Amino acid sequence: MKIIIVLTVILQSLSVKGQNPVTWSFAVKNLTNKTYEVHLTPVVQHPWHIYSQTSPEGGALPTTIRFNKNPFLSLEGKVKETGKLVSKYEEVFEATVKYFEGKVDFVQVIKIKGEGKTNLSGAIQFMACNNEQCLTPQTVNFNIPIH
């Protein structure tokens with residue numbers, strides 16, 4: 001009986017280890033001559049979800065987006081989230097958490113200073129969970145050309 005339990009635990013850990021249920025894409029939309037929207041878009045495989053930037057403390061790890069300083073551009077406002085936001089009380093965290101399933105779009109408006117091309121770089125930290133487990137928090141670095 002102990003061998004079956006040990007084998008089950010090993011097989012579950014192996015199946016989780018290779019999983020990456022979230023893939024990210026990045027896009028830039030020109031709004032005006034020097035103003036752009038930068039889209040940071042994860043696609044989350046069913047039945048997984050990732051947490052909102054506004055998921056409360058004490059709950060799961062909220063998604064955080066950090067932009068590296070760049071003297072050639074300025075960030076206008078905060079990162080906005082567009083997608084179907086789910087608010088749900090989760091007993092394991094003893095908190096009401098906010099998360100997205102499927103697809104969400106994180107949008108940051110930026111303004112370019114001066115002429116020419118530049119890049120927007122930084123890192124996104126997020127945690128993917130389903131109804132049974134959470135994966136180790138991941139960090140995705142990005143470097144997006146703006147022109």
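Biologist: With which side chain does the side chain of Thr-41 make a polar contact?
Modeller: In this predicted model, Thr-41 lies in strand E2, which spans residues 35–44. A polar contact requires a pair of N or O atoms within 3.5 Å. The side chain of Thr-41 meets this condition at 2.7 Å, and its partner is the side chain of Asp-105.

Biologist: Does Thr-41 count as buried or exposed, and what is its relative accessibility?
Modeller: A residue is buried when its relative accessible area is under 20%. Thr-41 touches Thr-23, Trp-24, Ser-25, Lys-103, Val-104 and Asp-105, leaving aside residues up to four places away in sequence. Thr-41 counts as buried because its relative accessibility is 8%.

Biologist: Which strand pairs with E7 over nine bridges?
Modeller: Strand E7 comprises residues 118–126 and runs antiparallel to strand E4, residues 64–67, with four bridges joining them. In that pairing, Phe-67 stands opposite Gly-122 of E7. Thr-118 has Ile-146 as its bridge partner in E9. The antiparallel pairing over nine bridges joins E7 to strand E9, residues 138–146.

Biologist: How many strands does the chain have?
Modeller: From the N terminus on, the order of elements is α-β-β-β-β-β-β-β-β-β. The chain therefore contains one helix, and its strands number nine.

Biologist: Among contacts between residues at least 6 apart in sequence, what percentage join residues at least 24 apart?
Modeller: A contact means heavy atoms within 4.5 Å. Of the contacts in the chain between residues at least 6 apart in sequence, the share joining residues at least 24 apart is 67%.

Notes: Residues are numbered from 1 along each chain as its sequence is written. This is a predicted model: local features need pLDDT of at least 70, side-chain atom pairs count only at pLDDT 80 or more; totals for chains, interfaces and linings use all residues. Side-chain values use heavy atoms; hydrogens and water are left out. Helices (H or I, at least four residues) and strands (E, at least two) are DSSP runs, numbered from the N terminus. Buried means under 20% relative accessible area, exposed over 50%, partly exposed in between (1.4 Å probe, protein chains only). A polar contact is a pair of N or O atoms within 3.5 Å; within protein, one must be able to donate a hydrogen and the other to accept it, and residues adjacent in sequence count only if both atoms are side-chain atoms. Two strands pair if DSSP finds at least two bridges between them.
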